[in-house]
Amino acid sequence: MRTYLKLVVGVALLLMFPSCTKEDIHTDHNVLGVWETTVSDNTYILVFGENNTGLHIETNVNDSEGASSAVPFNWIRNNKDVVTTDANAMQRSYIMNADGQLVLNTANLSYLKVSDDYRRYY
């Protein structure tokens, strides 16, 4: 009887923990950190921090002069989709692709994760 009870408990425990596919636990879906892309003379940086806050930093280097701007935003993540909203209610939608890049939907612009350490921006 005890063996039967142990077997039933063991099977019940196994059923309580459903298996996950590798896609479900893909580590590239972690948004927190610093993401970067460069287009021509412009460098775009996205910083995703805790409490769903972040910064969009744009740096333009033209000849020997450079200019930079930083715009704070709030963000939400739903599976592979990430939506940022700045103070002017401007929304940008990104998707995490299979290569671990964050892609801006409207411009097909791909950001690469360059660091997990976002704290230097806060």
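Start at D86: setting aside its neighbours within four places in sequence, D86 is in contact with V71, P72 and F73, where contact means heavy atoms within 4.5 Å. This is a predicted model, in which local features need pLDDT of at least 70 and side-chain atom pairs count only at pLDDT 80 or more, while totals for chains, interfaces and linings use all residues. Residues are numbered from 1 along each chain as its sequence is written, and side-chain values use heavy atoms, with hydrogens and water left out.

So where does D86 sit? D86 belongs to strand β5, residues 81-86. Strands here are DSSP runs of E with at least two residues, helices are runs of H or I with at least four, and both are numbered from the N terminus. Across from D86 stands F73, one of the residues that D86 contacts.

What about the charge on D86? D86 is buried but has no salt bridge, and the nearest side chain of opposite charge, R92, is 5.0 Å away. Buried means under 20% relative accessible area, exposed means over 50%, and partly exposed is in between, using a 1.4 Å probe and protein chains only. For charges, Lys and Arg count as positive and Asp and Glu as negative, with His and the chain ends not counted. A salt bridge needs a side-chain nitrogen of Lys or Arg within 4 Å of a carboxyl oxygen of Asp or Glu. What the D86 side chain does have is a polar atom 2.9 Å from the backbone nitrogen of M90.

Now step out to the strands around it. β4 and β5 run antiparallel and are joined by six bridges; two strands count as paired if DSSP finds at least two bridges between them. The hairpin of β4 and β5 has two residues between the strands, and N79 takes a positive phi near 60° there. On to β3: strand β3 (residues 53-62) pairs with strand β4 (residues 65-78) in the antiparallel sense, over ten bridges. In that pairing, V61 has G66 in β4 as its bridge partner.

From the N terminus on, the order is α-β-β-β-β-β-β-β-β. Of the 122 residues, 25% count as buried.

Next, the nonpolar cores. A nonpolar core is a set of buried Ala, Val, Leu, Ile, Met, Phe, Trp, Tyr and Cys residues joined through side-chain atoms within 4.5 Å. The largest one has 14 residues, and W35, L46, F48, V82, Y94, L102 and Y111 are those with the most contacts inside it. Two or more residues each come from β2 (42-48), β4, β6 (91-96), β7 (102-104) and β8 (109-115). β2 gives the largest share, three residues. Apart from this core lies another, of six residues, including V34, I45, L55 and Y118.

Finally, back to charges. How many salt bridges does a search of the whole structure find? The search turns up two. In one, K113 pairs with D116, with the closest N and O atoms 2.8 Å apart. K113 counts as partly exposed because its relative accessibility is 29%, and D116 counts as exposed, at 56%. In the other, R119 pairs with D117, and the closest N and O atoms are 3.0 Å apart. R119 is exposed at 60% relative accessibility, whereas D117, at 34%, is partly exposed.

Methods. Polar contact = N/O pair within 3.5 Å; in protein donor to acceptor, adjacent residues only side chain to side chain.
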